[in-house]
Amino acid sequence: MTEREKFNYEEFDEVLEELKQQEYEKVALQGPDGIKPQIIDFADEMREHGIEPVIIGASTFGACGIADDKAETMGAEALVHVGHTRFLHPERADMDDMNVYYLPYREDRDLMGVLREHYEEIEADTVGLIGVTQYMDRAEPAREFLESKGYEVVEGKTGLRTTEPGQVLGCDAGAAHNISHKVDAFVFLGSGHFHPSQVSEAGKDVYVVDPYEKHIWVEPANSLDDEMRAEYARVLKHKDKQKWGIVTSSKKGQNYMRAVEIAKEKLEKHGKDVYVFVEDRIFEPDYKGFGIDIFVNCACPRMTKDWQDMAYVSPKALEMLDKAEEESTQ
Ligand code: SF4
């Protein structure tokens with residue numbers, strides 16, 4: 001199978017037409033791991049049409065990491081961001097200062113075959129239909145199929161950061177939260193635990209129609225609660241530390257300045273010395289040596305895991321400082 005057959009190139013051809021109409025001479029390309037061969041293929045096609053390609057080397061996990069500044073540094077007049085839909089910033093920061101073309105990746109796996117074969121395992125009368133962008137082009141046939149089998153289907157709305165109805169991100173299950181009160185469970189089009197676990201926080205079981213595993217499995221409701229409890233425990237462990245760090249990212253969609261301000265205010269209210277850090281990608285070794293043992297994550301909200309040697313917690317976990325103070329004064 002050639003790269004052209006593996007990827008839905010129709011959307012790329014439309015973008016290419018637009019780039020030619022705009023008479024761009026140099027255009028940057030950016031995408032996630034997994035579709036790097038297609039990026040090279042797109043670069044070849046652009047060159048064939050007289051457009052010089054520049055490729056952003058680092059892979060991207062989402063359109064939160066739009067690389068228009070790097071494209072501009074290289075003299076590109078536009079950027080084609082492959083793999084994700086446009087990312088809306090929850091703090092309403094501007095996400096694309098230059099000409100950015102979003103080219104969502106549609107995964108060519110037999111999701112409908114999995115749904116047809118295993119739908120009887122979905123034990124719910126009314127379901128919310130949601131998924132990741134790679135499969136949202138199959139939301140309509142999935143809805144029709146489920147309705148033909150007697151399920152009532154409530155379509156997801158857009159979330160805080162998303163643009164396709166029913167689409168979720170690792171940091172935004174708004175599409176599920178918006179309809180949670182109307183459904184018994186969710187039917188999720190996609191794979192892996194990262195997105196379904198976020199959806200499960202809407203308080204209902206999530207039936208994952210997984211074209212990789214080729215079956216439907218269940219992510220139980222509120223499956224991230226253990227992670228939150230672990231964060232609370234980290235805050236309690238470090239509550240008497242004087243120096244606290246706050247980390248945000250220079251990636252546009254992971255730069256949460258309002259969250260930084262709120263976390264800083266809260267920590268200062270508790271008498272802490274607060275230091276704000278910024279970096280593109282967040283790696284624990286970069287934060288060693290400052291003499292700080294605990295950092296608050298104001299970058300990608302889903303990357304709040306305990307580091308090897310230091311603690312990393314979400315702004316929400318700082319509630320524990322209030323709680324600890326209340327308890328100590330009782
Ligand atoms: S979960 Fe993180 S990497 Fe994914 S879109 Fe959200 S901010 Fe970006």
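Let me start with a term: buried means under 20% relative accessible area, exposed means over 50%, and partly exposed lies in between, with a 1.4 Å probe and protein chains only.

Now, the ground rules. This is a predicted model, where local features need pLDDT of at least 70, side-chain atom pairs count only at pLDDT 80 or more, and totals for chains, interfaces and linings use all residues. Residues are numbered from 1 along each chain as its sequence is written, and side-chain values use heavy atoms, leaving out hydrogens and water.

Next, the layout. The protein has domain 1 (3-103), domain 2 (111-219) and domain 3 (226-329). Those bounds come from an automatic or database domain assignment. The centres of domain 1 and domain 2 are 28 Å apart, taken over C-alpha atoms. Their contact (heavy atoms within 4.5 Å) takes 6 residues from domain 1 and 9 residues from domain 2.

How much area do domain 1 and domain 2 bury between them? About 630 Å², with 62% of it on carbon and sulfur atoms. Buried area is the accessible area (1.4 Å probe) that two parts lose on being put together, summed over both. In domain 1, T85, L88 and P90 lose the most area to domain 2, together 66% of what that side buries.

On to charges. A salt bridge puts a side-chain nitrogen of Lys or Arg within 4 Å of a carboxyl oxygen of Asp or Glu. The structure holds 20 salt bridges. Between domain 1 and domain 2, the count is 0.

Take R106 and E164. They form a salt bridge, with the closest N and O atoms 2.8 Å apart. The two residues are 58 residues apart in the chain. R106 counts as buried because its relative accessible area is 12%. E164 is buried too, at 15%.

E164 has another partner. T133 itself is buried, with a relative accessible area of 5%. Beyond its neighbours within four places in sequence, T133 touches residues including T85, R106 and E164.

Back to E107. Its side chain meets R109 in a salt bridge of 3.5 Å, N to O. R109 is partly exposed, at 32%.

Terms used
Helices (H or I, at least four residues) and strands (E, at least two) are DSSP runs, numbered from the N terminus.
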